[in-house]
Amino acid sequence: MAEYTKVEIRDLIIAFIALTICFSIATAGLNVHAFISCLPIVIVGVAIGSLLHELGHRFVARKYDCWAEFKLWPLGLLIAFVTSFFGVVFASPASIRIHPENVSDEISGRISIAGPMANMALALIFIAIAALVYPFKIHSDIFNLIYLICTVGFSVNSFLATFNLFPLYSLDGTNVLKWNIGIWFAAIVIAGIMMLFAITIGAENMVSLLIGA
């Protein structure tokens, strides 16, 4: 039941390419050199996190014997592309379609929290890798690139986790809060602290603190 259909694989590839292009445009604008330079950072630090968020929902939904499919959203794809020229990527080009929709609050909550948890786990992996390569980054361009990718990846995935846990409209936090207020509170506090550290201290300074510790 966990196999991917040909349509899903196609949509995953299109969504991955679309996210990479959109976030690169948002970061570099129409500067071709800057666009190419930021591609590795966007591909690993941003696009993968966005897709893993959706696939986290899919994985847990199928664990509960729900039909779940990764589906491209053409309108979201268009909105993401248009808004990227304004320096921000708004809307998701894809989502997970789940059936049946009228599952219990617990199952719905578990499926919903899987996306933010995937982002939180990825953020911690990124900051750990950044700490490991930090001593070597001044000696190698490759290690410096890995360090940059990981620090950006930590910040972006911390934001994605926190944002999606807000109990607003169709965001994941709505279903998580309805299921278990304690789990929702713990998750949004942890994700929020991670995002706050990324904004106030900065991922680079966090790495320095970790190395010092």
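**Exercise 1. Find the volume of the largest pocket and describe its lining.**

Step 1. The largest pocket holds about 1700 Å³ of space. A pocket here is an open set of points on a 1 Å grid over the protein atoms alone, where a 1.4 Å probe fits and protein lies on both sides within 12 Å along at least five of seven lines. The volume is the space filled by probe spheres set on the points, which are joined across faces, edges and corners. This is a predicted model, in which local features need pLDDT of at least 70 and side-chain atom pairs count only at pLDDT 80 or more, while totals for chains, interfaces and linings use all residues. Residues are numbered from 1 along each chain as its sequence is written, and side-chain values use heavy atoms, with hydrogens and water left out.

Step 2. The lining has 45 residues, and those closest to the pocket centre are E54, S92, A94, N164 and L171. A lining residue has an atom within 4 Å of a point.

Step 3. At least two lining residues come from each of α1, α2, β2, α4, α5 (141-164) and α6 (172-179). Helices (H or I, at least four residues) and strands (E, at least two) are DSSP runs, numbered from the N terminus.

Step 4. Sorted by class, the lining has 27 nonpolar, 14 polar and 4 charged residues. Ala, Val, Leu, Ile, Met, Phe, Trp, Tyr, Cys and Pro count as nonpolar, Asp, Glu, Lys and Arg as charged, and the others, Gly among them, as polar.

**Exercise 2. State which residues of the largest nonpolar core touch the most other members, and which elements build this core.**

Step 1. The core has 16 residues, of which A15, L51, A61, F70 and A94 touch the most other members. A nonpolar core is a set of buried Ala, Val, Leu, Ile, Met, Phe, Trp, Tyr and Cys residues joined through side-chain atoms within 4.5 Å. Buried means under 20% relative accessible area, exposed over 50%, and partly exposed in between (1.4 Å probe, protein chains only).

Step 2. Two or more core residues come from each of α1 (6-28), α2 (32-63), β1 (67-72), β2 (94-99) and α4 (105-133). The largest share, 5 residues, is that of α2.

Step 3. Beyond its neighbours within four places in sequence, A15 is in contact (heavy atoms within 4.5 Å) with L51, F70, L72 and A94.

Step 4. Another core of 15 residues lies apart from this one, and L122, A123, A131 and M206 are among its members.

**Exercise 3. Determine how many disulfides the whole structure has, and check C22 and C38.**

Step 1. The search finds 0 disulfides (pairs of cysteine sulfur atoms within 2.5 Å) in the whole structure.

Step 2. For C22, the nearest cysteine sulfur is that of C38, 12 Å away. C22 is buried, at 3% relative accessible area.

Step 3. C38 is likewise in no disulfide, and C38 counts as buried because its relative accessibility is 9%.

**Exercise 4. Describe the backbone and setting of D65.**

Step 1. D65 sits in the loop between α2 and β1.

Step 2. Its phi is near 60 degrees, a positive value in a residue other than glycine. Most residues other than glycine have a negative phi.

Step 3. D65 counts as exposed because its relative accessibility is 62%.
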